[in-house]
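Subject: Structure for you to look at

Dear colleague,

Please find the structure below, as promised. My notes on it follow.

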Amino acid sequence: MLNLPIYLDYSATTPVDPRVAEKMIPYLVEKFGNPASRSHAFGWVAEAAVEEAREEVAKLVNADPKEIVWTSGATESNNLAIKGATHFYSGKGKHLITVKTEHKAVLDTCRELERQGFEVTYLDVKEDGLLDLEAFKAALRPDTILVSVMFVNNEIGVIQPVAEIGQICRDKGIIFHVDAAQATGKVTIDLSTLKVDLMSFCAHKTYGPKGIGALYIRRKPRVRLEAQMHGGGHERGFRSGTLATHQIVGMGEAFRIAREEMDAENAHIRKLRDRLLKGLSDIDQVFVNGDMEQRVPHNLNISFAYIEGESMLMAIKDLAVSSGSACTSASLEPSYVLRALGREDELAHSSIRFTIGRFNTEEEIDYAVKLLHEKIGKLRELSPLWEMVQDGVDLSTVQWAAH
Amino acid sequence: MAYSVKVLDHYENPRNVGSFGKEEEGVATGMVGAPACGDVMKLQIKVGKDGVIEDAKFKTYGCGSAIASSSLVTEWVKGKTIDQALDIKNTQIAEELALPPVKIHCSILAEDAIKAAVADYRKKHGEH
Amino acid sequence: MFAPVYFDHNATTPLAPAVLEAMLPWLTAQFGNASSRHEYGRAARRAIDEARARVAAAVGAHATEIIFTGGGSEANNLFIKGASACLRPGLLAVGATDHPCVIKPAEQLTQRGWLLRKLAVDGEGRIGTENFLATLAQKPGIVSAMLANNETGVLQDLPALAEPARAAGAWFHTDAVQALGKIPVDFRALNAAGVHAMTLSAHKIGGPKGAAALVLDKRVELEPLIAGGGHERGLRSGTENVAAIVGFGVACELAVHGMAEAAPRLAALRERLERGLLEIGAILFGAGAERLPNTAYFALPDFDGETLVAQLDRAGFAVASGAACSSANPEPSHVLRAMGVAPELARGAVRVSLGAANTAGQVEDFLKTLQATVAKLRRLTAIAV
Ligand SMILES: Cc1ncc(COP(=O)(O)O)c(C=O)c1O
Ligand SMILES: Cc1ncc(COP(=O)(O)O)c(C=O)c1O
Ligand code: FES
């Protein structure tokens with residue numbers, strides 16, 4: 001039986017895997033102690049669980065558990081990494097480099113630093129959404145102290161060349177931060193070989209709970225940070241505040257499952273993604289956004305030309321998908337990520353992000369394909385742009401009465 | 001986004017979708033908005049000799065509220081003189097469809113479409 | 001099975017069963033991201049709105065005044081750092097017995113040109129009015145003083161502090177993390193008296209760890225601590241922790257509703273406990289001041305707190321030495337030092353903080369155990385000597 005709406009928005013957030021939930025619940029009930037309580041078993045039990053989870057997180061990315069600091073999510077990790085390192089190394093320079101297609105958690109943090117007097121270069125991406133390494137090298141300055149590039153893009157799923165960027169940064173002694181919120185469980189991450197200094201994670205994109213994340217802080221060579229939250233000195237002073245044991249346990253379990261099941265899961269998801277793409281291939285004027293090779297199998301971001309995204313979402317309300325990025329809220333702006341790819345506005349306004357995950361089935365994909373066929377026809381009947389194009393009008397020559 | 005029942009009704013069963021033949025007698029077209037803004041509305045009116053709007057059709061590229069606003073407007077202008085049609089205000093559209101504040105501009109677009117269609121009619125018929 | 005008695009409710013509390021029940025759907029079937037526009041997302045958004053209304057109602061605030069954060073420490077940091085970022089650097093005053101997550105960010109600000117004054121307290125832990133007024137004469141931009149202390153349970157007379165602070169033109173913040181659910185906390189009344197912001201935390205009131213709030217008078221301008229995405233009116237970005245926020249809402253409601261019944265019961269248990277402690281020769285801290293009904297803080301001269309606590313743990317009682325939130329550092333409590341307690345005595349400090357499930361029988365057992373422990377330790381030290 002199909003359960004409607006069908007969830008195809010795994011990049012916004014994932015369900016908590018039942019195995020994860022099961023492991024969390026005891027830490028909400030009988031094992032409720034504060035892991036900072038040093039004087040009794042309630043505290044020790046919680047602390048042991050926190051450390052076990054830290055090991056699981058470290059294992060997924062081949063790091064040392066001592067390099068993992070808990071946070072409330074990737075947003076906080078990005079803030080801590082970028083502001084913390086920039087402030088610590090501000091004596092060495094005042095220039096940062098990032099990319100226009102980064103998540104708001106990175107972009108807004110960089111804007112804040114600009115207001116404080118730092119200079120930030122926001123690099124363009126190529127039409128396929130990938131960073132141009134030559135352009136990147138050209139942007140480096142003698143006073144560049146930090147580079148922040150995401151591993152996997154949340155809207156179009158493309159995988160940035162972090163290994164190459166990392167090597168360039170290491171050669172020049174520049175701190176390299178990677179937002180890997182969308183990467184865990186989808187691509188192999190080996191921090192023993194990647195030249196990455198700081199890496200942000202969160203649980204809720206990898207079948208763990210919301211409200212918990214981590215920051216990887218390299219020890220060799222050692223990276224320093226200014227803490228952003230001060231207090232009891234938790235997390236070796238990097239981040240004060242009571243640790244949410246159950247959420248941490250959930251993240252550990254989610255990352256364990258990701259490590260053990262990633263290969264099989266990716267194969268399953270790739271099959272579904274290909275089925276969806278194939279199912280839509282006979283529709284006119286449908287474009288995939290972002291490179292298809294350097295891309296996680298979970299993501300299909302498609303522009304249905306001449307249909308506006310929000311009306312499309314309304315038409316396919318049996319599918320829980322997103323247009324633009326769901327992590328950022330209710331703005332009516334077309335996606336800045338698609339704009340950065342140089343997509344014409346009508347295509348940027350017409351994009352739908354399908355993100356496939358652990359619990360999707362073939363039957364669900366087939367339903368989606370059928371529904372999309374129906375609705376696209378109906379909406380194009382309604383579209384004055386489609387009519388004009390059918391009449392042979394070149395839309396780029398039209399004088400629009402923009403409001 | 002939560003839509004009102006009326007928006008949903010117009011969205012699911014849009015009234016008067018389509019286009020008139022360009023050379024049809026008394027037809028005028030208003031096209032407003034731009035793909036860059038994510039909304040383009042085309043409203044056509046067919047005006048009789050007596051200056052009364054006999055028929056109207058629309059096509060809209062835009063969100064559900066924009067589609068509903070233009071669908072509603074095609075119903076409202078029918079039977080009105082062009083001057084009466086110009087009295088339709090976006091606030092009435094927004095109220096009828098219970099549009100939330102972020103969607104008010106969709107109703108403004110519909111009002112603009114009426115104005116544009118009437119202006120086109122007057123241009124074609126030498127009225128001022 | 002051996003189940004120790006939990007006497008450390010100021011460190012954290014067990015989840016109320018109804019809270020768990022309210023949270024579970026949001027950890028399973030209802031997993032949407034509250035920013036998503038589809039039904040999964042909208043359901044999450046509604047749940048957050050409802051929780052916001054519950055938290056607001058529990059403290060007499062308006063729902064739009066609630067900013068959810070990931071913890072009380074974060075909320076305190078948000079206020080101290082966020083408000084200071086919008087003001088010209090000047091004088092900043094915080095209670096000398098405030099929690100480290102108020103004092104430490106305040107100390108950080110001294111690197112940005114702020115001058116920090118720690119507000120002195122009397123022997124019972126109360127901020128002295130005369131000193132305070134002298135500080136106000138120097139026009140501090142920000143004042144933060146906690147409502148209830150986590151170690152001693154001692155309450156500050158906030159209106160007496162906030163009213164003159166407002167007259168002096170300061171933003172006034174209070175950390176009410178320990179007060180919520182134990183004594184009435186009314187933000188409207190506090191706000192009328194000149195309190196502009198207040199910190200709450202779920203895990204101290206039978207809610208989950210991972211949710212907390214800053215209650216904020218909207219006239220106060222704040223820079224966010226965590227940017228990116230614009231959640232919580234731009235003051236706290238990051239995907240909302242729906243389950244924990246829902247739990248926080250329900251916990252607030254339960255705690256506040258249950259208070260009329262629980263507070264006198266806990267006060268009676270605490271009274272019995274302290275009578276027994278005095279008989280054993282304990283010295284009580286802050287007992288001369290108005291206090292939370294659940295907290296007893298004491299030392300037995302000549303006994304190290306860590307040792308006592310370890311012995312008590314072995315005997316099945318979970319208590320704290322000093323504050324759990326900052327148990328990471330073994331220094332004697334800064335609270336007791338500020339109260340003028342001698343370091344040797346302060347090192348002996350033990351905190352018992354009672355909660356909903358504790359009984360009179362447990363208190364009696366505890367006293368007996370403590371007496372036996374003391375006797376045993378005395379014998380051991382006697383032998384050692
Ligand atoms: C790439 C990326 N970075 C950061 C975040 C924010 O992380 P969190 O939801 O844990 O705050 C998200 C999604 O929300 C994301 O997709
Ligand atoms: C008075 C007080 N303020 C703040 C905190 C910190 O809150 P949280 O544990 O939610 O970070 C605590 C305890 O941890 C506390 O007792
Ligand atoms: S047409 Fe732009 S949001 Fe309605």
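How many salt bridges are counted between chain C and chain A? The count is one. This is a predicted model, and the salt bridge in question joins the side chains of C:Arg37 and A:Glu310, at 3.4 Å from N to O. Residue pairs in polar contact between chain C and chain A number 20, counting pairs with both residues at pLDDT 80 or more.

On the side of chain C that touches chain A, helices H1 (17–27), H3, H4 (100–109), H8 (242–280) and H9 (305–314) of chain C each supply at least two residues. H4(C) gives the most, with five residues. That side of chain C divides into 28 nonpolar, 22 polar and 10 charged residues.

As for extent, 60 residues of chain C are in contact with 63 residues of chain A. The area buried between the two chains is about 4,700 Å², and carbon and sulfur atoms give 58% of that area. C:Phe31, C:Arg37 and C:Lys209 supply 15% of the area that chain C buries against chain A, more than any other three residues.

On confidence, the predictor gives the complex an ipTM of 0.94 and a pTM of 0.93. Chain C has a mean pLDDT of 94, with 96% of its residues at 70 or more.

Over all chains, the whole structure holds 53 salt bridges.

- A:Arg353 and A:Asp9 have their closest N and O atoms 3.0 Å apart.
- A:Glu362 and A:Arg275 form a salt bridge at 3.6 Å. The pair links helix H11 (residues 362–382) to helix H7 (residues 245–280) of chain A, the two residues being 87 apart. A:Glu362 is partly exposed, at 35% relative accessibility, and A:Arg275 is partly exposed at 33%.
- C:Arg52 and C:Glu232 meet at 2.8 Å, N to O. C:Arg52 is in helix H2 (residues 39–58) and C:Glu232 in the loop between strand S8 (212–216) and H8 of chain C, 180 residues apart. Both residues are buried.
- A:Asp17, A:Arg19, A:Glu261, A:Glu265 and A:Arg358 are linked in a network of salt bridges.

Beyond its sequence neighbours up to four places away, C:Gly82 touches C:Asn77, C:Glu221, C:Leu222 and C:Glu223.

Regards

Notes. Residues numbered from 1 in each chain as written. Chains lettered and ligands numbered in written order. Heavy atoms only, no water. Contact = heavy atoms within 4.5 Å. Buried area = accessible area lost by both parts, 1.4 Å probe. Salt bridge = Lys/Arg side-chain N within 4 Å of Asp/Glu carboxyl O. Polar contact = N/O pair within 3.5 Å; in protein donor to acceptor, adjacent residues only side chain to side chain. Helix = DSSP H or I, 4+ residues; strand = E, 2+ residues; numbered from the N terminus. Nonpolar A, V, L, I, M, F, W, Y, C, P; charged D, E, K, R; others polar. pLDDT = per-residue confidence, 0-100. Buried < 20%, exposed > 50% of the residue type's maximum accessible area, 1.4 Å probe, protein only.
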